[in-house]
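Please look over the structure shown here, with its sequence, before reading the questions and answers that follow.

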Amino acid sequence: MSGMERARVMIEASHIIENRREEIAELEVVNNGKSITEARLDVDSARLCIEYYAGMASTMAGQHVQLPGGSFAYTRREPLGVCVGIGAWNYPFQIAAWKSAPALACGNSMVFKPSPVTPVTAVTLAEIYAKAGAPQGLFNVVQGGQETGSLLCHHPDVAKISFTGSVATGKKIMEMASKGVKPVTLELGGKSPLLIFQDSDLDNAVKGALMANFLSQGQVCSNGTRVFVQKGVVPEFVEEVVRRTRAIKIGDPLLESTRMGALVSRQHLDRVLAYVDQARKEGATVLCGGEPFVPSDPKLQGGYYMTPCVLGGCTDEMTCVKEEIFGPVMSLLSFETEEEVLRRANDSSMGLAAGVFTRDVKRAHRVVEHLKAGSCFINNYNITPVEVPFGGFKMSGIGRENGQVTIEFYSQLKTVFVEMGDVDSLF
């Protein structure tokens, strides 16, 4: 297919998603447990991503280089071939689109394996691509667990693997891909810092902290779960964060009024609650939440709900500060100076995201320059426009998703030399 032909299919797919927005969002709620409000935003992000890369599909181009004697060289940007996408359970539909859109725009096909915990909406995306006119086999969904993922990574016809998930699994995928010297994109875990300076707009800083911790029941890899607050505003900040956290409405995720749905599984809920218990044992104060929640609706009483939690009095050595919890748990820490908080913020093996709230523009840019994280936010958090690259430093991953640069991760460059004269032989 030419670039324009690929673009037409992708634009049509985006139109179908737009027309089926509510249906897909409701499926995602059932699939994942997040609120319908958030699920709609995920569907929108998927649609916008496909639209964005549809616009780039016909722009794949190389470079012409003039050489002495009339000879010249040129480069061709070519597809890799069969790409594998392995999705996570926190953003099932969105991740399937984020991985497939640049792959298809570059002329590749994709085999996508959703998480076995959330298998539904990736199939919906495959149906949409087919209805939009994609040739059979262009976007394929296979279900399964670790064994399926391993078979895909080792398959000789697979040219690239893109994975979203934990650091531990990412390492295994990188190792498997290395057997065939296959490129990988890895979007892995995070334990991201959010820095609140005392000159911040406190209302925005509080809202930013809530967005940094409680979207999708806290099951977001980029969450700013280490919230560093400058000492001068700690009491005021803590009071307002706790007040607003207590006000978060938990319950039926299909209701418009709900702001926090259920965690993805019983096992994961128990894991998150265990982190709260461990924090309490290590000396943190549970300022609010951190308990199982039983909705009043009898139909929901077996659901995997918990109250969003704010932990006070945390220190850098605590387990809740060092390890990724992946649940609605915010850890509050205090600091005095910029130099101190930068050192502490960067003291992590991960570097997916980071944020800073301040009215001082010079400080904002200075701090961001020194934060060792791939995606940084100034006076906001967890904003992911598809036009902007997303990805991490250190053990938070390799490569990027979204933005123009992602084209480089789903294509390969061929150089062609053209001699216009005679061969100048040494023999």
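Buried means under 20% relative accessible area, exposed over 50% and partly exposed in between, with a 1.4 Å probe and protein chains only. Helices (H or I, at least four residues) and strands (E, at least two) are DSSP runs numbered from the N terminus. This is a predicted model, in which local features need pLDDT of at least 70 and side-chain atom pairs count only at pLDDT 80 or more, while totals for chains, interfaces and linings use all residues. Residues are numbered from 1 along each chain as its sequence is written, and side-chain values use heavy atoms, with hydrogens and water left out.

Q: Which residues of E4 point the opposite way from Ser109, Val111 and Lys113?
A: In a regular strand the side chains alternate between the two faces of the sheet. Five of the five residues of E4 are buried, so this strand is largely enclosed by the rest of the structure. Ser109, Val111 and Lys113 share one direction, and the residues that point the other way are Met110 and Phe112.

Q: Which residue of E4 is the bridge partner of Val82?
A: Two strands pair if DSSP finds at least two bridges between them. E3 and E4 pair in the parallel sense over five bridges, and the partner of Val82 in E4 is Ser109.

Q: In what order do the six strands of the open sheet run?
A: The pairing in this sheet is mixed. Its edge strands, each pairing on one side only, are E5 (139-141) and E17 (397-398). Within the sheet, E6 (residues 158-164) and E7 (residues 184-187) pair in the parallel sense over four bridges. The order is E5-E4-E3-E6-E7-E17.

Q: What angle does the direction of H4 make with that of E4?
A: Axes are lines fitted to C-alpha atoms, for helices over the stretch in contact, and angles run from 0 to 180 degrees between N-to-C directions. Contact means heavy atoms within 4.5 Å. H4 packs on the sheet and touches E3 (82-86), E4 (109-113), E5 and E6, and its direction makes with that of E4 an angle of about 165 degrees.

Q: Are H3 and H4 roughly parallel or roughly antiparallel to each other?
A: The axes of H3 (residues 36-56) and H4 (residues 92-105) come within 8 Å and cross at roughly 5 degrees. Angles under 35 degrees count as roughly parallel, over 145 as roughly antiparallel, 65 to 115 as roughly perpendicular and the rest as oblique. The two helices H3 and H4 are therefore roughly parallel.

Q: What distance separates the C-alpha atoms of Pro116 and Gly145?
A: Pro116 has its place in the loop between E4 and H5. Not counting residues up to four places away in sequence, Pro116 touches Gly144 and Gly145. Pro116 and Gly145 are 29 residues apart along the chain, and their C-alpha atoms are separated by 6.0 Å.
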